[in-house]
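Dear colleague,

Please find the structure below; my notes on how its chains meet follow directly after it.

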Protein chains: 4
Amino acid sequence: MKEPIRVGLIGAGQLGFWHARCLAHDIQQAELAAVVDPNEEAARRVAALAPGARWFTSPEAVLSDPSIQAVVIVSSDATHAELIEGAAQAGKDIFCEKPLATSLAEADAAIAAVASHGVKLQVGFQRRFDPAHQRAREIIAAGELGPVELAVATTRDPLEAGRPGPGGNGAIFIQTTIHDLDSLRFLTGLEVAQVYATGSYFGEGSPEEDEVDTTAVILRFQTGALATITDSRRAAYGYDVHVEVMGPKGKVQVGYEQQTDIRHFSAQGVCHDHVYQYIDRFRGAYRREMEHFIECVSRDATPEVGGADARAAQALAEAAARSLREGRPIDVPLPA
Amino acid sequence: MKEPIRVGLIGAGQLGFWHARCLAHDIQQAELAAVVDPNEEAARRVAALAPGARWFTSPEAVLSDPSIQAVVIVSSDATHAELIEGAAQAGKDIFCEKPLATSLAEADAAIAAVASHGVKLQVGFQRRFDPAHQRAREIIAAGELGPVELAVATTRDPLEAGRPGPGGNGAIFIQTTIHDLDSLRFLTGLEVAQVYATGSYFGEGSPEEDEVDTTAVILRFQTGALATITDSRRAAYGYDVHVEVMGPKGKVQVGYEQQTDIRHFSAQGVCHDHVYQYIDRFRGAYRREMEHFIECVSRDATPEVGGADARAAQALAEAAARSLREGRPIDVPLPA
Amino acid sequence: MKEPIRVGLIGAGQLGFWHARCLAHDIQQAELAAVVDPNEEAARRVAALAPGARWFTSPEAVLSDPSIQAVVIVSSDATHAELIEGAAQAGKDIFCEKPLATSLAEADAAIAAVASHGVKLQVGFQRRFDPAHQRAREIIAAGELGPVELAVATTRDPLEAGRPGPGGNGAIFIQTTIHDLDSLRFLTGLEVAQVYATGSYFGEGSPEEDEVDTTAVILRFQTGALATITDSRRAAYGYDVHVEVMGPKGKVQVGYEQQTDIRHFSAQGVCHDHVYQYIDRFRGAYRREMEHFIECVSRDATPEVGGADARAAQALAEAAARSLREGRPIDVPLPA
Amino acid sequence: MKEPIRVGLIGAGQLGFWHARCLAHDIQQAELAAVVDPNEEAARRVAALAPGARWFTSPEAVLSDPSIQAVVIVSSDATHAELIEGAAQAGKDIFCEKPLATSLAEADAAIAAVASHGVKLQVGFQRRFDPAHQRAREIIAAGELGPVELAVATTRDPLEAGRPGPGGNGAIFIQTTIHDLDSLRFLTGLEVAQVYATGSYFGEGSPEEDEVDTTAVILRFQTGALATITDSRRAAYGYDVHVEVMGPKGKVQVGYEQQTDIRHFSAQGVCHDHVYQYIDRFRGAYRREMEHFIECVSRDATPEVGGADARAAQALAEAAARSLREGRPIDVPLPA
């Protein structure tokens, strides 16, 4: 067995915890070497998952540690681009949660840094590692539906009292819709030509300018295929990701609703529970994407979902935000 | 268009009402000519479904009316055999709800009367006219499962406060289980070699001797194939008929749970309603069996489910009652 | 029993046949008196459903027959408005399949004629008579979801070889999407403020100008609630109508996929069939809407879904066509 | 963190591999110290899961190693009892796959050894650690169904070409049905009073005496509640465990059919895949039962499912085998 890849994790929130757990326990080829979080308590707690892991409240020590080969960035969105650039300069391979940056310009700078330093970059579009999404893509790629004509994607996040809104300027498109945008590119293999997006704000308090928590988007692909995306942060029943893709020979429908495989029949009808948290829906996908990253680092291979895909989805999310702002469909250039 | 078949309906309860409605409104080739029920109010109400239909509180006038060609017997079980014999003597074609009689000996007498007077007899095993059961039989008969090896049948009747128990001497087998017994013969095309049955009584009050409202039965078919049947009168959630049949190449599963095609998602989970009454589950099957009967009368054809099938299921129900009483499996002779 | 309402049916195609069947057999208070179709064979065949029904190849004889109290218009869309006006002048109560007309101006003229002659008008939005849609509306109206925030509606028509496209100028919005537009107004109780629509053509041959057979629409309601609608004429798997409506307390999801209640398990997985034709999905709803119409005529009541609702949906369909043509969202005035 | 529990695994087959994987990677408190299998290759391969794990082809070295605190026995059924006795004498805590032994007498001897040496014993009834089964038990124990009246349990194992039959003397009851027997005891909290069992052999070749691969069982509980169990080794569609339990207030139904959360709609209908292997259905349950065992060892607690439950299920399986042999229901004494 080769030496394990020593990994520094930056960001010890809920998803950071899960990535750390996978690195520490599930992925033999990885070693969780260090954990960084401005919250000392969080950093300490996550570092405790692996014997020998150190913890820090800022990333410098990790970036400057030559024994650390790769970093996993799960910090707040606004910090991603700078951390990517820093890690690239330090020669670390990089796994970064989506989005790469909060603007396309910053994303481009980060991607350029990755390229110029010759490090690897994988971005956290975990739906690509979900078996159902993968099977859907296989069916579509094999032509079993015929050419894609129409798709319907939905994402619902649980309504959480007190959770702040996504922020102004259509930030939800970068935070949430970006998953649907990537998923539709992944599933259909098509590029988007035009985006129309609108949204509303139903949360508590006054929204910022162009802050929306409920959105509807139409994509027109270059083939003329169409897709809708609806996202909401306000689902009482839990976390829900569905997508269907249709062609002239049929459709595939990905998604599920049940968490515990039991139904209760009574005079009130038939009831079952529903997946509540994203981590429950995509637990396996998060593990598989991290396995893929470590394997790419270990075997010196290129991750399947890197800067180009991240940039393409980010460009679409920005187009959606602009469409929201301008109230009209926005044409999108072909990815380079 | 030929003259419609004039039909006398005997028994104006819930199912009688439905049969009358089909005869009066749905089946062009039939004319509801008369309705008989000891309850004058019921007879009158059901007769009102068809312009010109007469009503009576006893069956003589119907049996002696030469313009009436066929009778539909939906009266209480204990009256079936005598009514069949009377109708046969009067030369009427007969549709009779299951069971033919409350004992095998009486059933044989009724069948003999039918034969000696050369009239037609169809028995009310409506599951045979349910599209899902029919499709299951087609799949099995086409060999798509391979030879049948195992089947699981379940029937649940809704729990109704104040409803009397089925009665002693294993009467539930004749009243309810007989449907499962017939359905399994229909689906598998096999004959039963041995029956083991047991049961319990959970209803209010003291049960009669060998009165059970909850049963479990094992059938061994002559090929060695096995089946279980469980029946209960005590379902809080409604009416439920399921059956699965398995062979070495796969299985079919018949049954459904939803009445209104809507699901409600909330913080309490995902809920839908459930079929509550037998009439809602088998509405179409009741209509189709009656269409089949009228068509057989009209075209002088033999109904698909007649005395032989009724007798076979009745013999199995009697064997189940005997097994309950004696606490051992009962061998069953091949139907003649 | 009152005298039955004598009805003249205009249009003897597939849906005309079903309406005729309901009038002839299911609805006691109705009498199918006459059938009109330019195709003599079709008119004759449908008239044969009722003893004594006459048939014609043009509507004059029906409109001038004083014994006929009501007409059911199921002819081609382009004839609706003129027939409504003629029937109104003749003092007949009117059931008309959607759409009322092929333009809003014509629809307004037809509605004006109905008003000035004091006859009744019901329009064929049968989804309003589907138990699942009705239950959804009840749940929403009772506030069980909280205020509506987001809805997703989908309609898929089966792909039929050789079937002509819907025609130019966004005709699909008037033909198909109008059902979703009405359904969303019915379910949410909200009025639409803005429509954005786009579409593509995937059928055989060259499309007419602005002819699309695959569409995506976003509605913004006056409350800020959003909805998407996707429609396609090209479903290989059959007919599919789904709609979900969400608020902060939950969602309802209407729709179903299975036609025969049987599943087949094999080494290839688990399979069941799918509803193929609209008539199978909405058979009961078509009957109930006609019952409602006859009851309104019989009791001199106002049909629940009349000119105002028809006009509102038509205005939205026209806005969708205009949005398709102009490539921008279209503001919609409040219905008068 | 306390020192991890050093565990010796005996039996390196498919399930042994999974247990080893959990011990090596998932359970922090455990250390996979040694692997035993007569097949050197298998032992070596499984030992490779943990750095430092040793491997052996016979268990003596493990049993005599004082640094090893616990053993996990996943070897062939016939070796269980002797290994339990040996491990108990050596003072090791024991996790043993069901069954404890191939006869009740041997099981009793093994349980006695465990008691006299004061070690812990957990038996591998993993269904008790499945969230759906656990939720069902909670619902039942809370009285939400009322007193249990009827249960239906089904287990289907995939048909595998060339797999040997279960063996004579009703061995399938000890190998497979024992899971259903334990599950029904666990879910209902009731004890069985009487067992009736029958079976057939449909496999290739000639069966041994009383060798069956397809079974049907009826249990009568001491309260009069009834249950059926059907088991088959011959499912073309995969692995399937379902159970429903009913009382006068409703029922719970545990089980699921889908492996990948995707459905494929085409002109052939709607299809999805099915769980194929037991390991896929109960992966989490296997991990949780092992976590429970390690935690009990670590905290000096008594495992929730130990010798008494194992003995009770084994006694029922023996009664089933006897019922098969003698063709009559067998009364079962209350567990001591």
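A polar contact here is a pair of N or O atoms within 3.5 Å, where, within protein, one must be able to donate a hydrogen and the other to accept it, and residues adjacent in sequence count only if both atoms are side-chain atoms. On that basis, 8 residue pairs are in polar contact between chain C and chain B, both residues being at pLDDT 80 or more, while the count of salt bridges (a side-chain nitrogen of Lys or Arg within 4 Å of a carboxyl oxygen of Asp or Glu) between these chains is 0.

This is a predicted model, in which local features need pLDDT of at least 70 and side-chain atom pairs count only at pLDDT 80 or more, whereas totals for chains, interfaces and linings use all residues. Residues are numbered from 1 along each chain as its sequence is written, chains are lettered from A in the order in which they are written, and side-chain values use heavy atoms, with hydrogens and water left out.

With contact taken as heavy atoms within 4.5 Å, chain C and chain B each give 28 residues. The area buried between them (accessible area, 1.4 Å probe, lost on being put together and summed over both) is about 2,200 Å², with 53% from carbon and sulfur atoms. In chain C, the residues that lose the most area to chain B are C:Asp261, C:Ile262 and C:His264, together 27% of what that side buries.

Best regards

Conventions: Buried area is the accessible area (1.4 Å probe) that two parts lose on being put together, summed over both.
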